[in-house]
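Please open the model in a viewer and follow this tour of helix packing. Two packed helices are described by the angle between their axes and the distance between the axes.

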Amino acid sequence: MATLWPTGGASEPTRASDALRRALAHAVILADAGAGALALRDNGENGESDPLTARRNKDGLLITSGIERPQAAQMMRVLAEDLTPRPLDGRPRVIVNSELWGGEIASLVLGDLSGPAGELHLLGPTGFSAQRALTEPRRRQALIGELTAAVRLYQEASRLRQENRQLSSILHFSGDGIITLDAALRITGFNPAMEVMTAWRQHEVIGRFYQDVLLPRDLQGNPLSYQNDPVVRTIEMGKATVNHELILLARDGERVYVSVTAAVVRAAQGQPVSCVLNVRDITRSRESEELRNTFVSVVSHELQTPIAIIKGYASTLAREDAHWDTATLRARLQAIEEESDRLNHLLGNMLYASRISAGGLTMERTDLDLAEVTRSVVRRFKARSPDRDINVRLPAQVPLVLADRERIEEVLLNLLDNAVKYSPKGQSIRVRGSVTADDVILSVADSGEGIPAREQERVFERFQRVDNSTARRTQGAGLGLYICRAIVEAHGGRIWVRSTLGRGSTFSFSLPREEKPQAPMVIFGGHDRAYTQRQPQQQQQEEPDGATTR
């Protein structure tokens, strides 16, 4: 039986086509030989484009018939070193080597107009090479032609297998989602990037209708009809769709903004047989664009208000036809000062956020008594807001933490300022401390409206504000909690929120009791990802308050 073996480099035999094996066995019979070996370069499997003869075929494929592989491999090595010239009339080169074979070995070059295809070695008794099958040109050419055709067929099949493997690798490792559909819009292919993007698995969607799985929508969130679906139009009209933006719904209902390029594949008669979709996730780029728009909107609004107030009071005081008493003058100058402070605070926060994103905010950490810092910040805050009751309860013994005092004071001031903004007048603000085996935890609780659960993950991002009536009445650019998160994380700590609608919110942050080696000395910002942390188990029980985010 004919078998196919690699002459080097592979541990397992490569399967040849049945036609190639049958052709070799037939050649052995026609030549009245006892065995045969066919040496060729496997350009499909090994990536070479030109087959070589046995003299140079180090890593090609060896097909044998009637001879064991070790003996055939040894024969190939000896023949590769033999320099006996070939006959000029196309007859086989004949070698007699009793160590290799007890008779003759006749070698023929296989090839066609495309070039050489390999080398045929026939092994038979002494004198068999002088028979008509090898000496008559027409019979010899017929034998060579049959084997060459079988080799070309095998090489073409190998090339197609190689291309299929390459295509599979491209589909598997592509960063973009790739879907293939049949003419009826049923899914026939779904690569791993699409699985990540949509949370669907390939085996779950194969055979299902594309619209039933991905639920495409326009950029306003409206479901796409078949008439407006770019994929449907691509198949119907036969024209490619390039970079069409739409929304797909993931398995959990989350919106994924994508850019779709679709192309139709047609049969020889022209009818569409399939469609290939390249799906690029542009959610992050759209979020960045929305962030830029939000920045412009927020900054424009927040800057215009204090500027308008300052300009208004300044213009009023500058009127030459008016004379102001001391009390009125003092009140309006005080308003100008307050609005200037507000403007300065807004610009400071913007600069702070910019430095965080650029990774340029340094920490100067020293041993810090967090209890003393908390009481100091609360005293200063009470002096600024004497009408608000702030209740502080800290453990008797609070371990030192390694922290930057100025930055931690900034965190506390932001949390207290938020609590005052979002709490009804007359309600107290509660500051609590607790200690665990690894951390010191501070919490600031209010009795405001609370934060919806769906928004609690986003309140620590830039320019994010709670969508409720209190937030709409309250001024702010949505940078305070973003700054707090960056500062706390730079210290190796965590910050989180608990909130119940109608009952208020509790913001908590932890700082390690001793320095953690992985805690960075510099804030590396620029990642406005949703921030969620599980609250650590506390040794000392907190009061059951809600929690909210600004």
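**First stop: H1 and H5**

Select helix H1 (residues 18-30) and helix H5 (residues 137-173), whose axes come within 9 Å and cross at roughly 165 degrees. H1 is therefore roughly antiparallel to H5 (angles over 145 degrees count as such). Axes are lines fitted to C-alpha atoms over the stretch in contact, with angles from 0 to 180 degrees between N-to-C directions; helices are DSSP runs of H or I, at least four residues, numbered from the N terminus.

The model is predicted: local features need pLDDT of at least 70, side-chain atom pairs count only at pLDDT 80 or more, and totals for chains, interfaces and linings use all residues. Residues are numbered from 1 along each chain as its sequence is written, and side-chain values use heavy atoms, without hydrogens and water.

H1 passes H5 in a left-handed crossing (the near helix is turned anticlockwise from the far one by less than a right angle; clockwise is right-handed). Next, display the contact (heavy atoms within 4.5 Å): it includes Ala19, Leu20 and His26 of H1 and Glu146, Leu147 and Tyr154 of H5.

**Second stop: H12 and H13**

Move to helix H12 (residues 370-384) and helix H13 (residues 405-422), which pack at about 45 degrees with axes 10 Å apart.

Conventions: Helices (H or I, at least four residues) and strands (E, at least two) are DSSP runs, numbered from the N terminus. Angles under 35 degrees count as roughly parallel, over 145 as roughly antiparallel, 65 to 115 as roughly perpendicular and the rest as oblique.
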